[in-house]
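Here are a few friendly notes to read alongside the model.

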Amino acid sequence: TTKTGEVIDRFNYRDLILHGLVANVTGTPTAQEVTFKLQHSDTDVSADFVDVDIQGIQSVLTVAEEGELHVNLDGFKQYVRVVVNANFTGGTSPKADIVGTAVLGNMVANPVR
């Protein structure tokens, strides 16, 4: 299952903390993999977003229970979003509560537009 997060305007922010949480797994899967991937775009149009592909930038967080990734946004386009992908192997209709949070930080200056 894949879920696409809300569009975030990162104007004037240099950093992002991506936090992922997987809890309450049911259905006894034999294996699970949950990834939180960053995408970016010059516009806020959903179809314009692409996976972050900047050399040296780690932009995928894989968690079994809980994890956090600090991302320097230098080189990113103005808009970002998180895409969560959950893969379960085996079990009987496995499910989980999955939460992804992105927090902007290190503001350059108060935005004036």
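1. Let's start with Asp15, which lies in strand 3. Strands here are DSSP runs of E with at least two residues, numbered from the N terminus. Please keep in mind that this is a predicted model, where local features need pLDDT of at least 70 and side-chain atom pairs count only at pLDDT 80 or more, while totals for chains, interfaces and linings use all residues. Residues are numbered from 1 along each chain as its sequence is written, and side-chain values use heavy atoms, with hydrogens and water left out.

2. Is Asp15 buried or exposed? Asp15 is buried, meaning under 20% relative accessible area with a 1.4 Å probe, protein chains only. Even so, Asp15 has no salt bridge (a side-chain nitrogen of Lys or Arg within 4 Å of a carboxyl oxygen of Asp or Glu). The nearest side chain of opposite charge is Arg14, 6.9 Å away; in this count Lys and Arg are positive and Asp and Glu negative, with His and the chain ends not counted.

3. What does the side chain of Asp15 make a polar contact with? Its partner is the side chain of Asn106, at 2.9 Å. A polar contact is a pair of N or O atoms within 3.5 Å; within protein, one must be able to donate a hydrogen and the other to accept it, and residues adjacent in sequence count only if both atoms are side-chain atoms.

4. Asp15 also stands opposite Asn72 in strand 7. Strand 3 (residues 13-26) and strand 7 pair in the antiparallel sense over 7 bridges; pairing requires that DSSP finds at least two bridges between two strands.

5. Stepping back, 3 strands form an open antiparallel sheet in the order 7-3-9. Strand 7 (66-72) and strand 9 (95-107) each have a single partner strand and stand at the edges, so one side of each is left without a neighbour in the sheet.

6. In a regular strand, side chains alternate between the two faces of the sheet. Strand 7 has a covered face with Gly67, Leu69 and Val71, and an uncovered face with Glu66, Glu68, His70 and Asn72.

7. Gln39 counts as buried because its relative accessibility is 9%. The side chain of Gln39 makes polar contacts with the side chain of Asp51 at 2.8 Å and with that of Arg81 at 2.7 Å.

Note on methods:
Helices (H or I, at least four residues) and strands (E, at least two) are DSSP runs, numbered from the N terminus. Buried means under 20% relative accessible area, exposed over 50%, partly exposed in between (1.4 Å probe, protein chains only).
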